[in-house]
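Hi there,

Here is the structure I promised to hand over. My notes follow below it.

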Amino acid sequence: MLEIKNLHVSVDNQEILKGLSLAIKPGQVHSIMGPNGSGKSTLAQVLAGRNTYEVTEGEILYEGRNLLDMSPEERAREGIFMAFQYPVEIPGVANTYFLREALNAIRKHKDLEPLKHVEFVKLVKEKMKSLDVDDSLLQRSVNEGFSGGEKKRNEIFQLQVLAPRLAILDETDSGLDIDALKIVAKGVNTMRTDERAFLIITHYQRLLNYIIPDIVHVLVDGRIVKSGGKELALELEDKGYTWVGDEPTNTNFAQN
Amino acid sequence: MSVDLEQLSKQEYKYGFVTNIEQEIAPKGLNEEVIRMISAKKNEPEWLLEWRLKAYRNWLTMKEPKWHNVHYPPIDYNDISYYAAPKQTKKPKSLDDIDPELRATYEKLGIPLEEQMMLAGVAVDAVFDSVSLITTFKEKLAELNIIFCSISDAVQEYPELVKKYMGFVVPHNDNYFAALNSAVFTDGSFVYVPKGVRCPMELSTYFRINAENTGQFERTLIIAEEGSYVSYLEGCTAPKRDENQLHAAVVELIAHNDATIKYSTIQNWYPGDKNGKGGIYNFVTKRGRCVGRNSHISWTQVETGSAITWKYPSCLLEGDNSVGEFYSVALTNNRQQADTGTKMIHIGKNTSSTIVSKGISAGYGQNTYRGLVQIGKNASRARNYTQCDSMLIGDKCGAHTFPYIEVKNSTARMEHEASTSKIGDDQIFYCQQRGLSAEDAVSLIVNGFCKQVFRELPFEFAVEAERLLSVSLEGSVG
């Protein structure tokens with residue numbers, strides 16, 4: 001589904017990702033863990049199409065297509081969704097209106113008719129219930145005045161309604177208390193199917209107690225220095241990121 | 001901006017076509033002879049001619065205002081024709097008498113003159129250059145004794161009312177452009193709602209400038225008697241021309257005891273091209289007097305057109321407990337300039353006013369809010385709430401705010417909120433990540449920004465306003 005080969009990315013001439021390779025198959029849940037500044041969020045932003053990042057080398061294939069040639073909206077319409085680390089406020093635009101516009105833009109791309117109002121409301125109500133989202137959230141302006149937890153839950157709510165094929169969660173767990181974390185995890189788990197893949201970016205192992213990943217990657221200084229099963233996350237929690245840094249394969253990190 | 005919004009779309013001004021029709025146009029130039037000619041054409045009574053001449057003589061002694069924050073080369077007032085009318089042998093009695101070319105024009109503009117085709121419950125007065133073509137639904141309104149006609153007809157049919165109220169709010173020597181209008185005004189709408197009557201439909205006037213090198217000087221007068229209610233809407237378009245054209249209108253509203261007037265404007269005059277060539281100079285004086293107690297005047301404007309907008313719809317809150325409101329969206333794109341706002345003059349006790357202004361600047365547009373809230377000595381317990389928000393799109397445009405507050409009574413309560421924001425790359429990217437194009441994202445964000453004002457418009461027009469805003473923004477964001 002997604003294949004990243006030797007990806008180099010710079011911001012303001014400073015290299016952040018230094019040759020990252022990763023392959024995700026349908027149905028898989030991958031987790032990327034790493035210390036602050038290792039390039040986790042950069043990877044998410046590049047996949048979503050943010051153009052403040054410059055790809056200097058390497059390629060990304062999504063469903064066999066060159067992802068880097070696609071505009072952000074085209075990627076979204078083709079099924080890539082990113083839950084933002086810092087969801088953006090859009091004053092005066094009702095959450096439900098926004099979501100419907102988004103859904104219909106995606107449907108239009110697939111040559112589907114816009115969803116009828118009644119059907120849309122039905123869909124939304126159903127998803128809301130499972131996420132414990134309050135009714136009033138729909139009428140409020142997109143993320144405006146939302147608490148940190150509400151914002152994150154709203155992202156997962158959007159994920160559920162838009163039903164993408166590849167979902168990227170960029171530190172969705174940060175700032176969540178344990179109850180909210182469980183709700184978010186449940187929201188993600190109910191979305192797991194054989195066709196849908198997840199890339200979960202997190203600083204802490206905590207979220208991975210509730211969303212069990214198939215593969216865990218450790219990102220340090222712009223490179224994946226270690227990959228393994230779900231137990232790798234626990235090991236990291238136990239030993240800290242310096243532990244993987246000591247591996248002889250990562251010369252760059254060792255110099256620090 | 002990181003997204004290359006300049007590439008977005010370059011949709012042309014949609015209403016820029018010219019109607020080819022035989023016109024009767026006065027020779028260029030302004031003098032007493034021209035004024036006498038206009039007055040004679042309209043078969044006006046002596047007092048009105050005198051009033052025009054008085055205004056003209058005053059105007060000659062006045063200086064064009066310079067305090068505003070807009071810039072344009074000097075206007076040669078003798079290079080303008082002050083009267084243009086489609087040639088018609090007689091005044092149309094019904095739609096069948098109207099030149100098909102003109103009817104087609106209005107159809108193209110989306111203003112069907114056929115009553116059966118009209119939006120439910122909207123009566124239209126169609127003004128083409130200097131004359132009113134037809135007023136629809138006249139009879140139906142007459143059943144309620146509501147008068148809705150062109151001001152020219154009103155002069156003929158209801159001279160006492162016109163004489164009593166013309167200049168009642170905006171005196172003939174009020175300001176430079178109002179004096180000019182008073183001297184040469186040609187047509188406009190007249191509305192009179194009698195005591196206790198609630199006007200059952202939206203009244204609207206559609207102004208169209210067609211002729212070249214002409215100015216449009218319309219005058220609208222709305223009187224709401226005790227306990228009455230009326231909602232009025234005006235819309236405006238003009239052809240694309242390389243020359244600037246002058247539009248200097250005067251609107252006067254009078255609300256008696258317990259009366260309410262809601263006045264909405266969707267102004268979409270030709271804004272000029274991308275480089276600022278051509279476009280309408282929209283220098284307009286609009287003012288309402290809440291003379292009665294508990295009276296209420298509400299202005300809502302959506303200003304997206306014109307090369308230059310100079311306009312301050314205001315309220316004189318004379319009656320106790322009277323209410324004034326001003327809701328405004330002003331958009332300047334490319335080289336457009338706007339200096340707009342309001343004056344709320346509190347004279348009576350317990351008067352209250354609300355000002356909500358949303359300025360959007362894009363391209364090289366310059367947008368100025370200028371407002372005055374004045375609380376008089378006797379206006380005890382007066383209240384004002386002002387909210388003044390500016391949004392910038394791109395980094396070549398400007399937003400300016402000049403709020404004046406004068407309080408002479410210590411019991412007044414004033415609130416002023418202001419904000420300036422920039423459409424962020426973050427916001428646009430967020431929308432794109434959900435599947436919206438950058439262009440749709442901008443329009444969504446701007447419409448959200450204007451929501452508070454659009455809410456005040458009659459429903460059909462709110463939809464129109466949103467669409468218009470999106471079109472006006474196209475290709476703007478860079």
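Let me start with a helix pair: helix 4 of chain A passes helix 6 of chain A in a right-handed crossing (the near helix is turned clockwise from the far one by less than a right angle; helices are DSSP runs of H or I with at least four residues, strands are E runs of at least two, both numbered from the N terminus). Their axes, lines fitted to C-alpha atoms over the stretch in contact with angles from 0 to 180 degrees between N-to-C directions, come within 10 Å and cross at roughly 135°. From helix 4, A:L123, A:V124, A:K127, A:M128 and A:L131 meet A:R153, A:I156, A:F157, A:Q160 and A:V161 of helix 6 (contact: C-beta atoms, placed from the backbone, within 7 Å).

This is a predicted model, where local features need pLDDT of at least 70, side-chain atom pairs count only at pLDDT 80 or more, and totals for chains, interfaces and linings use all residues. Residues are numbered from 1 along each chain as its sequence is written, with chains lettered from A and ligands numbered from 1 in the order in which they are written.

Two asparagines may also interest you. A:N143 has a positive phi near 60° and lies in the loop between strand 8 and helix 6 of chain A. B:N321 has phi near 65°, in the loop between strands 16 and 17 of chain B.

Finally, chain B has ten helices and 23 strands.

Best wishes

Technical notes. Two residues are in contact if their C-beta atoms, placed from the backbone, lie within 7 Å.
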